[in-house]
Amino acid sequence: MTEDIDIYGQQVPILIRNARVNGKIQEIYLDGTGKIGAVAEKITDHEAELVLDANRATALPAMCNMHTHAAMELLRGYADDMQLFPWLSTKIWPTEAHLTESDIYAGVKLACLEMIRTGTTAFNDMYFMMEAAADAVEESGIRACLSYCMIDNGDAEKLESEKRAMQATVKNLKARNNERILPGVSPHAVYTVSEEGLRWCAEYAKAENVPLHIHVSETEQEVTDCIAAHGMRPPAWLDKCGVLSPSCIAAHSCWLDADDIRLYAERGVTAVHNPVSNMKLAGNRALPYSEMKAAGVNVALGTDGASSNNDLDMFAEMKTAAILQKFFWNDPTALPATDALQIASRNGFKALGINAGVIAPGYLADIILVGRNPMNVPCFNAESNAVYATNGLAVETTICNGAILMYDGVIPGAEEIMEEAEKAAFALTARAEAANSA
Ligand SMILES: [Zn+2]
C-alpha cells in the first residue's frame with residue numbers, strides 16, 4: 001500500500017496487484033471515475049495514485065443484499081425463538097412505534113458498517129424515515145435503494161397519508177442527486193395494502209421510473225388468505241393490480257406454484273431468496289430456485305432485517321441458500337456455488353439497474369478481497385471456498401464505486417458507530433418498555 005496518503009473514500013486511480021481473479025493471479029486497474037479500467041496479468045499502460053498488494057487474496061464482485069430493513073439492526077437479538085405473530089405484536093411493532101429519526105440514522109449506520117465489513121456494497125431497503133437512512137448511507141460510501149414502506153390496512157384516510165409519505169421520500173431522495181442513492185416504492189404486502197394502494201404504487205413507481213419492492217408469498221397463510229379474499233394467489237392478484245413488471249422485486253417468494261413462476265418469468269419479476277429469515281420464522285417452504293431458474297426468472301439474494309436473521313452477512317446467506325435448496329428439494333446439485341455467488345451479486349445489481357457484479361473493464365468498481373485464512377486453505381476452487389467455507393469476516397478489503405471503504409479489516413470510525421448504535425438500541429427498548437407497561 002502506498003504510504004502517507006489517506007486511502008479511504010478516495011475515488012482515485014488504483015492498481016490492485018497480486019489478486020486472484022477467476023482462478024488466475026492478475027492485476028486490476030480502477031480508473032478513478034468509479035469504474036474498472038483493466039484486468040490483466042500485467043498492467044503497464046495506466047498510472048495509479050494508489051497501489052495495493054492483494055497478497056494473493058481472491059477478488060470477487062461485491063455483494064448486493066436485495067431485501068433488508070436496515071434500521072432493524074437496533075433490535076438484533078431483542079426477541080428470538082417466538083411464533084411470528086406474538087413476536088411482531090408484542091415485541092417488534094410496539095418497539096418500532098418509538099423509533100425516532102436519530103434511531104434510524106444510528107441503526108442504518110451500523111447496518112452499513114456491518115455490510116462494508118462483510119463485503120456488501122449495495123442493499124435494497126424497505127422501512128420508514130428514509131431521509132435519515134439516506135444520510136447514513138451517503139456517509140458510509142455504499143449504495144442503497146431506499147423505499148418508504150406503505151401499509152394502509154384498507155383505510156382510505158391512511159392510504160392518503162401513506163401516499164404523501166412515499167411521494168415525499170422519492171422526491172427527497174431524487175433531490176440529493178447522489179448516484180449511490182436510489183429511491184424505490186414499497187407496498188408492504190398483499191395482506192396489508194388495499195387494491196387501491198397496490199394500483200397506486202404500481203402507477204407511481206412506473207411514473208417515477210423506480211423499483212417496486214414488496215413481500216410476496218412468504219407464508220402458506222398469506223396464499224390461503226389471498227385466495228379467500230380475491231379468488232386468486234398473490235402473484236395473480238398483484239398482476240391484476242398492475243404490480244408485476246421488470247422493475248418489481250418480490251421478496252421471499254417461497255410458496256409459488258408453476259403458474260406463479262410462469263407469471264414471474266413473463267412479467268420479468270426479480271425474486272429475492274431470504275433463506276435464513278424463512279427458516280428462522282419456520283416458513284416451512286424454500287423458494288423453488290431450480291424451477292425458477294429453468295423458467296428464466298431473475299433470482300437474487302437477501303438477508304431480511306437483523307431481527308429475523310440476525311446478521312447481514314451475505315456469505316452466511318449464500319451458504320444457507322445453497323444448503324437449504326439441496327436439503328428442501330432433496331437434490332445435492334441444486335443451487336451450486338457459482339449460482340450462489342451470482343444471486344448474491346450480479347442478479348441483484350441487475351435488478352437495481354446498477355452496472356456491477358462482474359470484475360471486467362467497464363463495470364463499476366464494486367470489488368472485495370477475501371484474504372488467506374484458515375477457512376480457505378487449500379484453495380482448489382475460490383468460489384467453493386467463498387460459498388461453503390468462509391464467512392463475511394474473511395473479507396479484508398471492500399471497494400465501492402472505486403473508493404476503498406475497508407482496507408485490511410479496518411474501517412475508519414467503526415468503534416464510534418457501534419457505540420452510538422448500542423446506546424440508541426438500549427434507550428429505544430427502555431422507552432418502549434416503559435410506555436407499554438404504563
Ligand atoms: Zn422483510
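Helix 3 is followed by Gly141, whose phi is positive, near 95°. Helices (H or I, at least four residues) and strands (E, at least two) are DSSP runs, numbered from the N terminus. This is a predicted model, in which local features need pLDDT of at least 70, side-chain atom pairs count only at pLDDT 80 or more, and totals for chains, interfaces and linings use all residues. Residues are numbered from 1 along each chain as its sequence is written.

Stay with helix 3, residues 130-140. Its buried residues are Met130, Ala132, Ala133, Ala134, Ala136, Val137 and Ser140. A residue is buried if 20 or more other C-beta atoms lie within 10 Å of its own, exposed if 12 or fewer, and partly exposed in between, with C-beta atoms placed from the backbone. These buried residues pack against helix 2, strand 7 (120-127), strand 8 (143-150), helix 4 (156-175) and strand 9 (181-187). Contact here requires C-beta atoms, placed from the backbone, within 7 Å.

Ala133 also belongs to the largest nonpolar core, which has 142 residues. Such a core is a set of buried Ala, Val, Leu, Ile, Met, Phe, Trp, Tyr and Cys residues joined through C-beta atoms within 7 Å. Ile28, Ala59, Val108, Ala133 and Met318 touch the most other members. Helix 2 (residues 101-117) gives the largest share, ten residues.

Met318 leads on to another part of the chain. Leaving aside neighbours within four places in sequence, Met318 is in contact with Leu301, Ala340, Leu341, Ala344 and Val387. The axes of helix 11 (residues 314-328) and helix 14 (residues 382-389) come within 7 Å and cross at roughly 90°. Axes are lines fitted to C-alpha atoms, for helices over the stretch in contact, and angles run from 0 to 180 degrees between N-to-C directions. The two helices are therefore roughly perpendicular (65 to 115 degrees). Phe315, Met318, Lys319 and Ala322 of helix 11 meet Ala386, Val387 and Tyr388 of helix 14.

Helix 14 also holds Ser384. Ser384 is partly exposed, with 15 other C-beta atoms within 10 Å.

Now the loops. Val377 and Pro378 are joined by a cis peptide bond, with omega near 0°. Pro378 sits in the loop between strand 14 (367-370) and helix 14. A cis bond also joins Asn309 and Asn310, with omega about 10°. Asn310 lies between strand 13 (298-301) and helix 11. Most residues other than glycine have a negative phi, and most peptide bonds are trans. Asn330 has a positive phi of about 50°. Asn330 is exposed, with 7 other C-beta atoms within 10 Å.

How values were computed: Angles under 35 degrees count as roughly parallel, over 145 as roughly antiparallel, 65 to 115 as roughly perpendicular and the rest as oblique. Two residues are in contact if their C-beta atoms, placed from the backbone, lie within 7 Å.
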